[in-house]
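Try each task before reading its solution.

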Amino acid sequence: MSTSTLKSELLSDQDRELIMATQAGLPLVSDPWTELGSQLGMPASEVLERFQKMQASGVIRRVAAVPNHYKLGYRFNGMTVWDVADDAIAELGERVGELPFVSHCYRRPRHLPYWSYNLFAMVHGTSGDEVEDKAGRIADVLGDACSGHTILYSSAILKKTGLRLRKQKDNG
Amino acid sequence: MQLDAADRQLIDSYQRGLPVCERPYQAMAQTLGLTEDEVIERLSALKAQQVLSRIGPVFEHSQAGASLLAAVAAPPEKMDRVATQINLAPGVNHNYAREHTYNLWFVMTAPDEHTLDERLDELERKLRLPMLRLPMIKGYHIDLGFPIDWEALP
């Protein structure tokens, strides 16, 4: 985890300003870089170059038109969690992550005896049945290596904001 | 949500790989067989309708600072108050209520690991609830979007 700290320190103040100026989205105008440049006091070419560098270094994970799944009709957001044998999780995690309907898939630590699940896969559906069908397909992939699972449905989004990067006064 | 074929194609084509070049919307227009103005108008309308939550970069928190998924089991009668305390804590950028004993799930962020631990410790003291800390050990599929099954939508 120390490497991520290092990377964050490698971001210049200008990069941080560019992140803050674009985290809600790019300007929807023909030449967004000139528009950003006038906000940030930089030439458009520098804005584009910094943006491309952050893409290349992985600070920008993707550039996208990000759909609001809830608004589209995916009303059910199920965080499926699985107790997978430690010696099998590396291979099986990859296979679960490849299922087309899984939007995020992570390995996380167990906290026994309170929490025994070490594989998390996020699934969206238009109904609870659809989420359960998809969870069934994950169960098929995991087979005997899985000794328990549950689905945590989201009942309310209480807060959802973009990345905040304010070093001095981070008010989240 | 009724969207025409061009809107659907726009969403299907650009859940990742939106062009980063001098005139991104013109480049998209060429791919989609639309004009640049049409692309900008459609994106603006989809954003105004909240069908698109964002058009632009998705940042990798682990590369731009530190972050961690955490959960607490709030007693049902205190859930609102606990949720508010979590939302107000510096660095919290997601907070979801979920149907489980661990009923509040949130992402804490900070500029670095040390600050992250401090923020989590402070919030845990304030809440007086044990906190499940679930750092990512390995990502097998990190939020890159997923294909929309348009026919299945209501």
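A crossing of two helices is called right-handed if the near helix is turned clockwise from the far one by less than a right angle, and left-handed if anticlockwise. Keep in mind that this is a predicted model.

**Exercise 1.** Describe how helices H6(A) and H7(A) pack.

*Solution.* Start by locating the pair: H6 spans residues 89–98 of chain A, and H7 spans residues 128–142 of chain A. Next, take the geometry: the axes lie 10 Å apart, at an angle of about 150°. Angles over 145 degrees count as roughly antiparallel, so H6(A) is roughly antiparallel to H7(A). Now apply the definition above: the crossing of H6(A) and H7(A) is right-handed. Finally, look at the side chains. H6(A) contributes Leu92(A), Arg95(A) and Val96(A), while H7(A) brings Ile138(A), Val141(A) and Leu142(A). By class, the contact of H6(A) with H7(A) holds 5 nonpolar residues, 1 charged and no polar.

**Exercise 2.** Find which strand of chain B pairs with E3(A), and in which sense.

*Solution.* Begin at E3, residues 102–107 of chain A; its partner is E6, residues 138–141 of chain B. The two strands run antiparallel and share 3 bridges. For one of the residues, Cys105(A), the bridge partner in E6(B) is His141(B).

**Exercise 3.** Work out what the UniProt record says about residues 66–137 of chain B, and what the model shows there.

*Solution.* First, the record: an unreviewed UniProt entry annotates this stretch as "domain: Siroheme decarboxylase AsnC-like ligand binding". Then the model: residues 66–137 of chain B are 35% helix and 35% strand, and the end C-alpha atoms are 13 Å apart.

Note on methods:
Residues numbered from 1 in each chain as written. Chains lettered and ligands numbered in written order. Predicted model: local features only at pLDDT ≥ 70, side-chain atom pairs only at ≥ 80, totals over all residues. Axes fitted to C-alpha atoms, helices over the stretch in contact; angles between N-to-C directions. Helix = DSSP H or I, 4+ residues; strand = E, 2+ residues; numbered from the N terminus. Parallel < 35°, antiparallel > 145°, perpendicular 65-115°, else oblique. Contact = placed C-beta atoms within 7 Å. Nonpolar A, V, L, I, M, F, W, Y, C, P; charged D, E, K, R; others polar. UniProt positions renumbered as here; feature names shortened; annotations may be inferred. Pairing = 2+ DSSP bridges.
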